[in-house]
Amino acid sequence: MPAPLSADAIVTAPKVLLHDHLDGGLRPATLIDLSGQIGYRALPSTDVGELARWFAGSAYSGSLERYLETFTHTTAVMQTRESLVRVASECAQDLAADGVVYAEVRFAPELHTEQNLTLDQVVQAVLDGFAAGTVAAAEAGHQIRVRALLTAMRHAARSREIAELCIEFRDRAVAGFDIAGAEAGFPPTRHLDAFEYLRRENAHFTIHAGEAFGLPSIWEALQWCGADRLGHGVRIVDDIEVGRDGRAHLGRLAEYVRDKRIPLEMAPTSNVQTGAANSIAEHPIGLLTDLKFRVTVNTDNRLMSGCTMTSEMTALSEAFGYGWDMLQWFTVNAMKSAFLPFDERLTIIEQMIKPGYDRLRRAANVVAPVA
Ligand SMILES: [Zn+2]
């Protein structure tokens, strides 16, 4: 296996992120700061290092209650316009500093209305924050474009309302729709009304499916709901058998996902934490990449997983020996799968991604791939 790429080099590579939760990516220092401002006293620590370790520990604890508690703290401090603008702005700046050139960041507007912000005001605040963060990033020398995905909670009953919000804001940097939350017991078909509405409006959506739960969840998301992308989709490997000869045999659903180039929004570290994979090296991303599924690499929750796009790609390079060609492949896959007009996707691929990886290959004295 070739020597893995260094994080120092990977951070300079252009990257594309399709699956990142706004309330899962706060800076620990900001969380402490905002808690102090609003008198929120339930944080497990007010020391930056300790708090960061507590979040990471909770993610690895194997306890769903403890993992969900982490989001109680982050959403608690995201209930005013000022705090939402700040968190969104810092998100854009942090991603830009990590070398991300295009991102779709998701959040559930209904989780930010405890202090009487309307859903519209929540969305507007986050979009204003992304815009401010993009300007600040440019001043620091990093070019990024950040768009929003609006998430509805699968156990709640507001999906149609959130879907309508997506359409209302579609020309103002809202890229699409998503549903998230516990998969078991809450199939995506509970929200058919929202999905059918979005399809009639020619809108895009992704669905968290096939993370902890199996093939039926993926099948429903695609064949009943019409999802454009799968949030995680890891369990699609349950429909793939690798024989003794090393050859893979795909079931009908896996074949459909590959044939239709359905994007898989994979987040290796997060999947290891939730138990969807035992380790990065054993993560199905290796097999699915070998089989040329439309694999993309994502962070999911940067705070809870203590990760960045750079750390995820570094871990993949270490585990599977991926070099610049493969990291470019993941990045182009993600850009092709973005909820952004086709011509704009092409422009980012041709003007930012390909030149960026060409430069890195040249620096490493590697010849560019033919295709
Ligand atoms: Zn997620």
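Strand 1 (residues 15–21) runs parallel to strand 2, and five bridges join them; strands pair if DSSP finds at least two bridges between them. The model is predicted: local features need pLDDT of at least 70, side-chain atom pairs count only at pLDDT 80 or more, and totals for chains, interfaces and linings use all residues. Residues are numbered from 1 along each chain as its sequence is written.

**Strands**
- Strands (E, at least two residues) and helices (H or I, at least four) are DSSP runs, numbered from the N terminus.
- H21 stands opposite R106 in strand 2.
- Strand 2 is also joined to strand 3 (residues 145–153), in parallel, by six bridges, with A103 opposite V146 in strand 3.
- Eight of the eight residues of strand 2 (residues 100–107) are buried, so the strand is largely enclosed by the rest of the structure.
- Buried means 20 or more other C-beta atoms within 10 Å of a residue's own, exposed 12 or fewer, and partly exposed in between, with C-beta atoms placed from the backbone.

**Helix packing**
- Helix 5 (residues 81–97) packs on helix 6 (residues 119–139) at about 40 degrees, the axes being 7 Å apart.
- Axes are lines fitted to C-alpha atoms, for helices over the stretch in contact, and angles run from 0 to 180 degrees between N-to-C directions.

**E90**
- E90 lies in helix 5 and, with 19 C-beta neighbours inside 10 Å, counts as partly exposed.
- The C-alpha atoms of E90 and D259, 169 residues apart along the chain, are separated by 38 Å.
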